[in-house]
Amino acid sequence: MSGALSMNQVILLGRVGSFNAATVGSGGDRVFNINLATTRTWFSANGEKKEATTWAAVVAWRALADVCERYVRKGSLILVVGELNNRRYTNREGDEVYATEVTAQRVFCLRDLLQNSQDRESSQDVIVSAGEGPTDLSP
């Protein structure tokens, strides 16, 4: 559809459930895969607290993959800005697999929002984005 407005942007805030060390993809670029948990909380009609966790596959490429490998850890609170992509590939068993994943453009590694103020003074937030190194956000 020529000339139509469109936008593909995803923003996720969650905790890292697992990740793989950066590897070299089939095209020769470095890639870092993250499984990110986002949890939604609500109250039912009878006042009971409910939670649901959704897992998202996040992929960081090239320089961003290298920086994520340095800073991202299991349990880290991160904010990801990227775009939603679908891809199709053949796995080792020869089956065709369809995957939906977020291709990260920026990753913000955030200190735990629940830390006490003393821990907060010693920790740092780090901004990680493609083509840039980490930036210290400490006051």
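Is Glu-69 buried, partly exposed or exposed? I looked it up: Glu-69 has a relative accessible area of 27%, so I put it down as partly exposed. My cut-offs are under 20% relative accessible area for buried and over 50% for exposed, with partly exposed in between (1.4 Å probe, protein chains only).

**Ground rules**

I am working with a predicted model, where local features need pLDDT of at least 70, side-chain atom pairs count only at pLDDT 80 or more, and totals for chains, interfaces and linings use all residues. Residues are numbered from 1 along each chain as its sequence is written, and side-chain values use heavy atoms, with hydrogens and water left out.

**Entry: the whole chain**

I started with the overall layout. The protein chain has two helices and eight strands, and their order along the sequence is β-β-β-β-α-β-β-α-β-β. Helices (H or I, at least four residues) and strands (E, at least two) are DSSP runs, numbered from the N terminus.

I noted that 31% of the 139 residues count as buried.

**Entry: salt bridges**

Back to Glu-69. Which residue does Glu-69 form a salt bridge with? The partner is Arg-30, and the closest N and O atoms are 3.0 Å apart. This pair links distant parts of the chain, with Glu-69 in helix α1 and Arg-30 in strand β3 (residues 30-43), 39 residues apart. I count a salt bridge when a side-chain nitrogen of Lys or Arg is within 4 Å of a carboxyl oxygen of Asp or Glu. As a reminder to myself, side chains of opposite charge can pair when their charged atoms come close.

Arg-30 has a relative accessible area of 28%, so I list it as partly exposed. Asp-66 belongs here as well: Arg-30, Asp-66 and Glu-69 are linked in a network of salt bridges.

My search of the whole structure gave five salt bridges. One of them joins the side chains of Arg-87 and Glu-101 at 2.8 Å, N to O. Here Arg-87 sits in strand β5 and Glu-101 in strand β6 (residues 96-110), 14 residues apart. Arg-87 is partly exposed because its relative accessible area is 39%, whereas Glu-101 is buried because its value is 10%.

I logged another between Arg-88 and Glu-96, at 3.1 Å, N to O. Arg-88 is exposed, with a relative accessible area of 55%, and Glu-96 is partly exposed at 48%.

**Entry: strand pairing**

Next I followed β5 to its partners; two strands pair if DSSP finds at least two bridges between them. β5 and β6 are antiparallel and share 14 bridges. Glu-83 has Thr-103 in β6 as its bridge partner. The two strands form a hairpin with five residues between them, and Gly-94 in the turn has a positive phi of about 90°.

Strand β1 (residues 10-19) also pairs with β5 in the antiparallel sense, over six bridges. In this pairing I found Arg-15 opposite Leu-77 in β5.

**Entry: Ser-76**

Where does Ser-76 sit? I found it in the loop between α1 (62-71) and β5 (77-90). Its relative accessibility is 17%, so Ser-76 counts as buried. A polar atom of the Ser-76 side chain lies 2.8 Å from the backbone oxygen of Arg-73. Leaving aside neighbours within four places in sequence, Ser-76 is in contact with Gly-14, Arg-15, Val-16 and Tyr-71.

**Entry: cysteines and Val-67**

I looked for disulfides (cysteine sulfur atoms within 2.5 Å) and found zero. Cys-68 is buried at 0% relative accessibility, and Cys-109 is buried at 10%.

Last, Val-67 lies in helix α1 and is buried at 13% relative accessibility. The C-alpha atoms of Val-67 and Ala-22 are separated by 9.6 Å, with the two residues 45 apart along the chain.

Notes. A polar contact is a pair of N or O atoms within 3.5 Å; within protein, one must be able to donate a hydrogen and the other to accept it, and residues adjacent in sequence count only if both atoms are side-chain atoms. Contact means heavy atoms within 4.5 Å.
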